[in-house]
Amino acid sequence: MFDLLKKANEFKMSRRSFIGWSSAIAATAAIPVSRGLIAKADTNIGLEDSSGEGVWKTAACWHNCGSRCLNKVLIKDGVVVRQKTDDTHPDSPDFPQQRGCLRGRSQRKQVFNADRLKYPMKRKNWEPGGGKKELRGNDQWVRISWDEAFELIAAETKRITEKYGNESVLVTGGDINITNVMAEIGGYSACYGSSSWGAWRWIYENMGVGEGLAVNGINDRLDLRNSQLIVLWGANPAWSTMGSVTYNYLQAKKAGARFISIDPMYTDSANVFDADWVPIRPGTDDALALAMMYTLLDEDDPKSNPLVKWDFLHKYTIGFDREHMPDGADPKDNFKDYLLGTYDGQPKTPEWASEICGIEPSKIRELAREIGGTERVALLTAWAPARISNGEGWVQAFSALGMMTGHMGSPGNMTGVSCWEYAGNMGPMLLIAGGAGTERVANAVDNMINENEIWDAVLDGKFLQRYEGERKANIQFIYHNYNNTLQTRSNIAKGIEAHRKVEFVVTNAYALTTNAKYSDIVLPVATQWETEGAVKGGNREILITWSKIMDPLYESKTDQEIAEGLLAALGKDPKNVFPFSEKQQYFNQLAGSMVVKENGVDYEPLCTITANDIKEWGVEGSPQQGRIPLKEFVDQGIYQIPRKPGDNFGFIAYKDFIDDPEGNPVSSESGKFEIYCKAINELSKKAYSEIAPIPKYEPKVHGYEATFEDWDKKKKGKYPYQVINPHYLRRSHSTFDNVPQLREAWPNPVYISQKDAQEIGIKDGETVLMSNEYGQALRPAKITEGIIPGTIGLPHGAWVDIDEKTGIDRAGADNLFVAHIPKGLGSSGFNSARCNVEKWNGEPLEEDVKWEQRIIKF
């Protein structure tokens with residue numbers, strides 16, 4: 001309160017100045033009154049409000065939620081008053097508005113949150129070499145200046161690299177700024193993982209299919225309306241993919257499509273689309289797919305009941321039967337004989353699968369008949385079912401099901417990943433953002449540590465170099481850069497242990513995230529509302545640009561400013577690494593943005609840029625003719641391609657290959673879809689565990705079978721429940737978890753079936769203790785009929801908050817329970833976890849909206 005009174009004469013605060021702060025009490029303690037919500041940037045950008053209340057500017061909605069929507073803020077007298085979303089044109093199914101979700105619309109609550117980090121700071125008990133490392137995560141913070149922060153980081157960087165080598169520096173996150181700094185001074189160890197993709201990440205190309213992001217695998221949204229049946233397999237776009245995706249699916253429903261949802265939970269998507277819900281145990285999707293394919297074989301009659309598309313299999317695939325195996329392969333290893341159990345003695349019947357996946361044999365047969373017997377089917381999966389250990393077999397089986405039924409490469413037929421911003425709408429991008437002009441500095445260190453091994457690499461001093469073999473590691477410095485790795489990767493407790501071992505940890509952060517909490521030095525980074533601007537694609541039909549809303553709050557700096565300061569402290573010229581200003585980079589993105597022409601093939605510049613534009617921006621560039629004036633694009637914030645059925649922008653995945661397989665081969669070694677894929681098998685022999693060349697069921701590490709002490713007698717073990725981590729509307733991964741308004745709206749319970757709750761003896765809202773060999777957590781129970789018994793739904797992304805005395809996390813961080821075990825090609829098993837659940841006999845857990853925020857006071 002003293003700070004507020006002290007600054008009262010510097011700035012007269014209106015009631016609206018408090019908008020965006022988490023609470024009035026917190027705001028009076030922390031609000032930067034002289035800067036507050038003051039928007040000082042570029043008053044010549046934006047559109048006047050129709051009522052004359054202020055100017056609307058496009059603000060960043062930059063989070064990795066799986067979409068990209070239009071986010072506008074109203075600025076009046078230099079104050080951010082409120083937000084809105086897309087109203088740039090009338091809404092229609094063919095030309096939908098790009099509307100933001102509850103997270104995007106609460107962005108100012110995040111940007112102006114009372115817990116924003118204000119100043120560079122260091123841990124009180126830190127000193128060169130680590131000091132009291134065991135206090136990381138539980139120490140006091142000391143405010144320092146930027147000069148001191150840069151000097152300390154530079155000194156420790158030099159000391160550690162000189163003593164241990166540049167391999168001892170681990171940089172997490174893919175942002176170019178800090179990686180360029182460390183590359184410039186000799187290199188760093190990097191980490192990699194499958195993160196969102198799961199097992200799709202590294203096998204799709206060898207099979208000749210798309211993985212849902214880099215390579216198109218499904219048709220566009222207008223063709224979705226041609227599908228008679230849409231199967232959402234582990235996909236919940238209503239929660240996990242914002243924007244117009246759910247609206248696009250609804251157009252298919254209005255056109256007559258039926259929906260099936262195969263998922264451990266009854267999702268909001270299943271509800272909205274009136275889908276037939278098929279509850280399935282996590283990690284057993286491949287068993288279901290195999291049994292469906294067995295049924296197709298068993299019941300197929302080419303004349304009276306054609307369920308298998310033999311012409312498709314014979315012409316476009318290899319490895320389905322012994323007559324179509326690749327050269328050199330054992331004919332006995334064909335997929336058809338595996339399904340029939342010809343050589344292993346186990347036919348993959350619905351009865352066999354039912355015991356594993358929990359679906360009645362009659363329902364499995366019904367699903368097979370529906371998918372095989374319907375002419376136009378969209379088989380759509382998200383990445384979630386593949387976010388399991390040993391998940392490659394699921395990717396192979398799902399793809400084979402689409403090939404076996406021929407639901408690929410023609411109108412209304414598609415089989416592939418449907419998620420992120422490409423959910424239900426793939427195809428070449430109709431608009432392409434220009435490049436910033438910056439380049440990555442080559443990294444002289446080639447260490448690549450799998451994210452399932454990063455904490456083991458720190459603690460045990462070794463890791464498996466991809467496709468090479470074991471290497472030694474001596475990580476002593478972790479720099480967290482534009483990410484929340486400690487929070488969002490497996491086995492948080494082991495990650496904390498690793499952080500308390502190394503000599504130095506630095507994080508750039510806007511709030512005290514998990515990364516920052518366990519660091520030695522934390523640098524306050526500006527949000528995207530405080531940077532010059534950027535151009536970003538979303539779905540294939542839009543391009544969004546946002547511009548600066550305000551100067552960086554408090555003493556925060558942009559990522560590039562931090563990188564430049566570190567380079568200077570390290571004795572390097574920042575201009576050699578970052579030759580362009582951030583404003584020049586933004587202009588480069590605008591000038592280089594391209595839009596498709598009416599022919600649907602060629603591209604032209606999006607923005608018309610005049611010599612006067614270049615002068616006003618104060619940048620270097622050349623005039624050009626484009627589709628719309630530069631200022632119009634920046635003021636409006638979005639350019640969207642109007643669509644209509646029959647236009648030149650439609651897309652059918654694999655159509656070129658289907659029309660001419662020899663002239664347009666897919667990416668596999670054979671040029672065909674590979675049901676038998678030798679390349680996958682060979683790669684896996686150099687990785688973590690062998691993957692069969694054909695789809696085969698394998699019990700998953702910490703999967704359903706692992707919940708039993710004795711599988712044959714069906715005696716449950718110490719951890720009898722499976723855990724899944726659904727995306728949750730409160731957060732984008734872990735981002736937004738600190739926003740009180742979202743905490744109030746979405747309280748982050750653990751979902752438990754009515755049957756399990758009765759057996760455990762708990763009621764709705766009561767506190768439960770979840771536990772396994774990796775951690776413990778408390779959560780309020782949400783009792784529901786909408787989750788398959790034996791499975792616990794713990795939403796993804798809560799910021800871990802471990803009591804140092806008890807070791808119990810009160811936040812319910814999902815990755816606390818996930819094993820740190822790499823399998824296959826190294827994909828992460830976020831949905832492979834087991835736990836026990838019991839009624840908590842201690843004090844009931846207080847709603848987290850009432851928890852004290854992580855506000856640092858000096």
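**Close-up views of a predicted model**

**View 1. Ala-60 counts as buried, at 1% relative accessibility.** Here buried means under 20% relative accessible area, exposed over 50% and partly exposed in between (1.4 Å probe, protein chains only). The structure shown is a predicted model, in which local features need pLDDT of at least 70 and side-chain atom pairs count only at pLDDT 80 or more, while totals for chains, interfaces and linings use all residues. Residues are numbered from 1 along each chain as its sequence is written, and side-chain values use heavy atoms, with hydrogens and water left out. Ala-60 is located in the loop between β2 and β3; helices (H or I, at least four residues) and strands (E, at least two) are DSSP runs numbered from the N terminus. Leaving aside residues up to four places away in sequence, Ala-60 touches Asn-71, Gln-107, Gln-528, Trp-529 and Trp-546; contact means heavy atoms within 4.5 Å. Asn-515 is 455 residues away from Ala-60 along the chain, and 23 Å separate their C-alpha atoms.

**View 2. Trp-202 is a residue of helix α6 (residues 200–207).** With a relative accessibility of 16%, Trp-202 counts as buried. If residues up to four places away in sequence are not counted, Trp-202 touches Tyr-192, Gly-193, Ser-194, Asn-450, Arg-466, Leu-825, Gly-826 and Ser-827. From Trp-202 to Pro-795 the separation is 593 residues in sequence and 26 Å in space, C-alpha to C-alpha.

**View 3. Helix α5 (residues 176–184) is largely enclosed by the rest of the structure, because eight of its nine residues are buried.** The buried residues of α5 are Ile-176, Asn-177, Ile-178, Thr-179, Asn-180, Val-181, Met-182 and Ala-183. Just after α5 comes Gly-186, with a positive phi of about 125°.

**View 4. The largest nonpolar core has 99 residues.** A nonpolar core is a set of buried Ala, Val, Leu, Ile, Met, Phe, Trp, Tyr and Cys residues joined through side-chain atoms within 4.5 Å. Within the largest core, the residues that touch the most other members are Trp-200, Ile-230, Trp-233, Leu-288, Met-293, Phe-335 and Phe-673. Helix α11 (residues 285–299) supplies nine residues, the largest share of this core. For Leu-288, the residues touched are Trp-233, Ile-262, Ile-280, Ala-353, Cys-357, Ile-359, Ile-364 and Leu-367, not counting residues up to four places away in sequence. Another core, of 42 residues, lies apart from the largest one; Ile-492, Val-505, Ala-777 and Ile-802 are among its members.

**View 5. The structure holds eight cavities of 30 Å³ or more.** On a 1 Å grid over the protein atoms alone, a cavity is a set of points where a 1.4 Å probe fits but cannot get out, and lining residues have an atom within 4 Å of a point. Points are joined across faces, edges and corners, and a volume is the space filled by probe spheres set on them. The largest cavity has a volume of about 130 Å³. This cavity is lined by 17 residues, of which Cys-61, Cys-65, Cys-101, Arg-103 and Gly-104 are the closest to its centre. For the second largest cavity the volume is about 100 Å³. Its lining consists of 16 residues, and those closest to the centre are Gln-98, Ser-244, Val-245, Glu-421 and Asn-539.

**View 6. Asp-77 has a phi near 50°, a positive value in a residue other than glycine.** Asp-77 is placed in the loop between β3 (72–76) and β4 (79–84). Its relative accessibility is 72%, so Asp-77 counts as exposed.

**View 7. His-702, a residue other than glycine, has a positive phi, near 60°.** The loop that holds His-702 runs between α27 (678–684) and β30 (708–710). His-702 has a relative accessible area of 13% and is therefore buried.

**View 8. Glu-53 lies in the loop between β1 (47–48) and β2 (55–58).** The relative accessibility of Glu-53 is 17%, so this residue counts as buried.

Conventions
1 Å grid on protein atoms, 1.4 Å probe; cavity = no way out; pocket = protein on both sides within 12 Å on 5 of 7 lines; lining within 4 Å.
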